[in-house]
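Student: I would like to learn how to read a protein model. Could you take me through some of the features?

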Amino acid sequence: MSTATPTPARSAGKRPRVTPFSVGAVCAVLGLALLVLVAARWSPLMGADRTVAVSLHRRAVAEPGLVHVNRILSDWVWDPWTMRILIAVAVVALWWQGARLLAGWVAVTSLLSTLLQQGLKAAVGRERPQWPDPVDSAHYAAFPSGHAMTATVSCGLLLWLLHRHGTGGGPWWTALVVASVSVIGVGLTRLYLGVHWMSDVLGGWLLGVALVGFSIAGFVRHERRDRAAHEALRHRF
């Protein structure tokens, strides 16, 4: 009679592991689905975009003081160039410390974000909201929101670098809160100022998270391969 030990079954309550790649993949699929719906001008989505835009614009026209605050936040505090400057500072610091591969990886990811958003804007060619009494203006096509995507990518990369550096406790939670407020806040300012549709901002968030997830997963994979190669070489000699 066979006495083979049965293969242990997986725990029924075990949750699948969440990785940067899996998060990036989910957000990429959702972002591409949203892109298709925007390009096809899916009526329910267009209607929801219009409802949100009209409601916020009515409030903005009646609240010039709040408009001024939103313009400062959108055009200065959370402007894409402000975010790129933060990334540039991080890249220079990494390069100075000798982490040149990581510095280049972060710089290339940030550059890819800009190229991707501009490429999609040109490909989709979506018009921005048009108002007889605008409270702000913006250039280029609408989808995806460059402000939302740049903030997502920049803050995501900076949080990743802090995590790699071993930042924890109060400083980590402070950075996480600041990053979250920045990413969500810049999207809301673009909506309030009437220069983007709701789906533009959502698309920027989703595609930004996807790019950061794939970038982190790619670098970690490269590190593992490099470490394995060094170990194999060390054992060989």
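Predicted model: local features only at pLDDT ≥ 70, side-chain atom pairs only at ≥ 80, totals over all residues.

Student: Which residues of helix 4 are buried?

Tutor: Start with the general idea. An α-helix has 3.6 residues a turn, so residues three or four places apart point the same way. In helix 4, the buried residues are Pro 80, Met 83, Arg 84, Ile 87, Ala 90, Val 91 and Leu 94. These residues cover an arc of only 120° around the axis, which puts them on the same side of helix 4.

Student: What do the buried residues of helix 4 pack against?

Tutor: Their partners are helix 3, helix 5, helix 6 and helix 7. On the face turned away from the buried side, helix 4 carries the exposed residues Trp 81, Ile 85, Val 89, Val 92 and Trp 96.

Student: What span should helix 4 have?

Tutor: Count 1.5 Å a residue: the 17 residues of helix 4 should span 24 Å, and the end C-alpha atoms are 24 Å apart, which agrees.

Student: Is Ser 110 buried or exposed?

Tutor: Ser 110 lies in helix 5, residues 100-124. Its relative accessible area is 13%, and buried means under 20%, so Ser 110 is buried. Leaving out residues up to four places away in sequence, Ser 110 touches Ile 87 and Leu 157. Ile 87 is also one of the buried residues of helix 4.

Student: At what angle do helix 6 and helix 7 pack?

Tutor: The angle is about 175°, and the axes of the two helices are 9 Å apart. Angles over 145 degrees count as roughly antiparallel, so helix 6 is roughly antiparallel to helix 7. Residues in the contact include Ala 151, Cys 155 and Leu 159 of helix 6, and Ala 175, Ala 179 and Val 183 of helix 7. By class, the contact has eleven nonpolar, four polar and one charged residues.

Student: What should I look for in the loops?

Tutor: Most residues other than glycine have a negative phi, and most peptide bonds are trans. Look for departures from that. Arg 41, in the loop between helix 1 and helix 2, has a positive phi near 55°. With 56% relative accessibility, Arg 41 counts as exposed. Tyr 140 has a positive phi of about 65°; this residue sits in the loop between helix 5 and helix 6 and is exposed, at 65% relative accessible area.

Student: Which residues does a cis peptide bond join?

Tutor: The cis bond joins Phe 143 and Pro 144, with omega about -5°. Pro 144 is in the loop between helix 5 and helix 6.

Terms used. Residues numbered from 1 in each chain as written. Heavy atoms only, no water. Helix = DSSP H or I, 4+ residues; strand = E, 2+ residues; numbered from the N terminus. Buried < 20%, exposed > 50% of the residue type's maximum accessible area, 1.4 Å probe, protein only. Contact = heavy atoms within 4.5 Å. Axes fitted to C-alpha atoms, helices over the stretch in contact; angles between N-to-C directions. Parallel < 35°, antiparallel > 145°, perpendicular 65-115°, else oblique. Nonpolar A, V, L, I, M, F, W, Y, C, P; charged D, E, K, R; others polar. Expected span 1.5 Å × (residues − 1). Arc of directions from axis to C-beta.
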